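Thanks for making the time this morning.

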Amino acid sequence: MAQRETWTSRIGFIFAAVGSAVGLGNIWSFPFQTASNGGAAFLVVYLAAVFLIGFPTMMIEFVIGRRGERNPVEAFKQIGHGQWSFTGGFGLFCSLVTLAFYSVVGGWVLSYILGSATGAYFGDPTTFFGSVAEGPTAIGTHAVFMALTIGIVALGVTDGIERATKFMIPAIIALLVGLGVWAATLDGASAGYSYYLSPDFGVIVENFWSIVPPAMGQAFFTLSLGFSVMIAYASYLGRDDSLPADGGAIVVVNTLIALLAGFVVFPLLSSTIGLAEAGSGGAGTAFIAIASGFGSLPAGEILGISFFVVLLFAALSSSISLLEVPVSYVSENYGYGRSTTAVVLGLGIFLVGVPATFGTTWLDFYNDLVFELLLPVAVLMLAIFAGWIADTDLVDELGRGSSLGSSFATGWLWWVRVVIPIVLLMTLYLGIQSLSEGLSSGAYF
Ligand code: TRP
């Protein structure tokens, strides 16, 4: 095997990982999950999930990837545990299922770019959302978004990701900060902030069991954990980089961008459609709130276009890596051409996603399936592997290049062995319960 390339710079790796992490998860899913699950109470549980479970899980994927130096399936063989390679494969499967509905939401972004140009949503953002999120328009934009994703992966221009994100991340931050400052000046903004930021601990305790599964799912989803993608990225990492430092930077930037999105969405919600509807806005929450902001701004068209174009880039950089990692594996491993593989897998995923255009409750089903079942299973397998099967092998890998010392690595190992599996088993139990409740009550279809 030829000498493997490595990232041209440490910052290149961080940007690529941030590019994967930052996406619709931050700007669409985070405000939507927060609004639907009680606001600040959700925020608290979510932040705990990101730092206490997400960050250590990211370290699991990093050590497997860097030690394995192969694609996410082969990496397990390289470490000497080939029987566990299904874990890497399962992550690739999660990527494909996620892409199916991610692309539908990516299609909404396309509609909003157009809608900003024509001002179509300015009058009535809620009706506009309904008209583009479901039905023929939604299928059409889903097809276009998927075609873009397939095209970029098939042409093999994915190193463009690294370059594009360098520009995209600052642009997203600048736009969100600008919008956030403006949103602060709106009448009624303060009610939005208090819904978003001041947790009522009584509410957390009372709703704890129903908040945990979506908060945990959101944490994994937004950090791209459980999809094997961080295994793939870390396999190109130099031996001497500090994994905790890089991971810490990725987690912090990603979290800040989600929090910023909340600073735009919640004041807008409270000053326009009202917070009572925040939860009932469902999957449309962020789109409706942000669009109603542009609708009332002087240069709404220009701002709207810029915002949604940047969001499109963020979504594409994520969708590309959702397709790219499984495609590389399949084409490397089974010897099919790269573009053929991209087209075949991409078309299949397009079809799987079509039902999510039937209505937003169908989309909720895909979303909940990934958040509440597939991701906890994927991360549980990773934790069991790293904690009990690979055991102390991976601990050395975590320590390499890091100045945190061996007690950090040992602490991590025990956390991965004990705490993460217990939390995930509980999450999984609750998640399965809520999924089956949703299925039997007809909440999805
Ligand atoms: N984290 C991305 C987001 O927040 C979505 C995502 C999940 C992803 N898994 C991924 C992106 C794997 C790239 C690769 O939108």
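Let me start with D246, which, once residues up to four places away in sequence are set aside, touches R10, F13, I14, L237 and D241. Please keep in mind throughout that this is a predicted model. D246 sits in helix α12, and with a relative accessible area of 0% it is buried, the cut-off for that word being under 20%.

Staying in helix α12, which covers residues 243-271, we come to F266. Its relative accessibility is also given as 0%, and F266 therefore counts as buried. What does F266 touch, if we again do not count residues up to four places away in sequence? The list is P31, T34, A35, G192, Y195 and Y196. As for F294, which lies 28 residues from F266 along the chain, the C-alpha atoms of these two phenylalanines are separated by 15 Å.

Leaving aside neighbours within four places in sequence, F308 is in contact with V109, Y112, I113, S116, Y121, F287, I290 and F294. F308 is also one of the five residues, with W28, I64, W108 and F307, that touch the most other members of the largest nonpolar core, a set of 157 residues. Which helix gives the most to this core? That is helix α5, residues 85-118, with 16 residues.

For α5 and helix α14, residues 300-334, the angle is about 160° and the axes are 9 Å apart. Since angles over 145 degrees count as roughly antiparallel, α5 and α14 are therefore placed in that class. The crossing of α5 and α14 is left-handed, and their contact comprises, by class, 20 nonpolar, 6 polar and 1 charged residues.

The second pair is made by helix α16, residues 360-389, and helix α18, residues 406-440, which pack at an angle of about 155° with their axes 9 Å apart.

I would like to finish with backbone geometry in a loop. Most residues other than glycine have a negative phi, and most peptide bonds are trans. Against that background, I would point you to S224, whose phi is near 55°, a positive value in a residue other than glycine. S224 is placed in the loop between α10, residues 201-222, and α11, residues 229-234. Buried or exposed, where does S224 fall? With a relative accessible area of 7%, S224 is buried.

S228 is found in the loop between α10 and α11 as well, and although S228 is not a glycine, its phi is positive, at about 65°. The relative accessible area of S228 is 3%, so S228 too is buried.

That is where I will stop, and I am glad to go back to any of these places on the screen.

Key. Residues numbered from 1 in each chain as written. Predicted model: local features only at pLDDT ≥ 70, side-chain atom pairs only at ≥ 80, totals over all residues. Heavy atoms only, no water. Axes fitted to C-alpha atoms, helices over the stretch in contact; angles between N-to-C directions. Helix = DSSP H or I, 4+ residues; strand = E, 2+ residues; numbered from the N terminus. Buried < 20%, exposed > 50% of the residue type's maximum accessible area, 1.4 Å probe, protein only. Contact = heavy atoms within 4.5 Å. Core = buried A, V, L, I, M, F, W, Y, C linked by side-chain atoms within 4.5 Å. Parallel < 35°, antiparallel > 145°, perpendicular 65-115°, else oblique. Left-handed = near helix turned anticlockwise from the far one by under 90°. Nonpolar A, V, L, I, M, F, W, Y, C, P; charged D, E, K, R; others polar.
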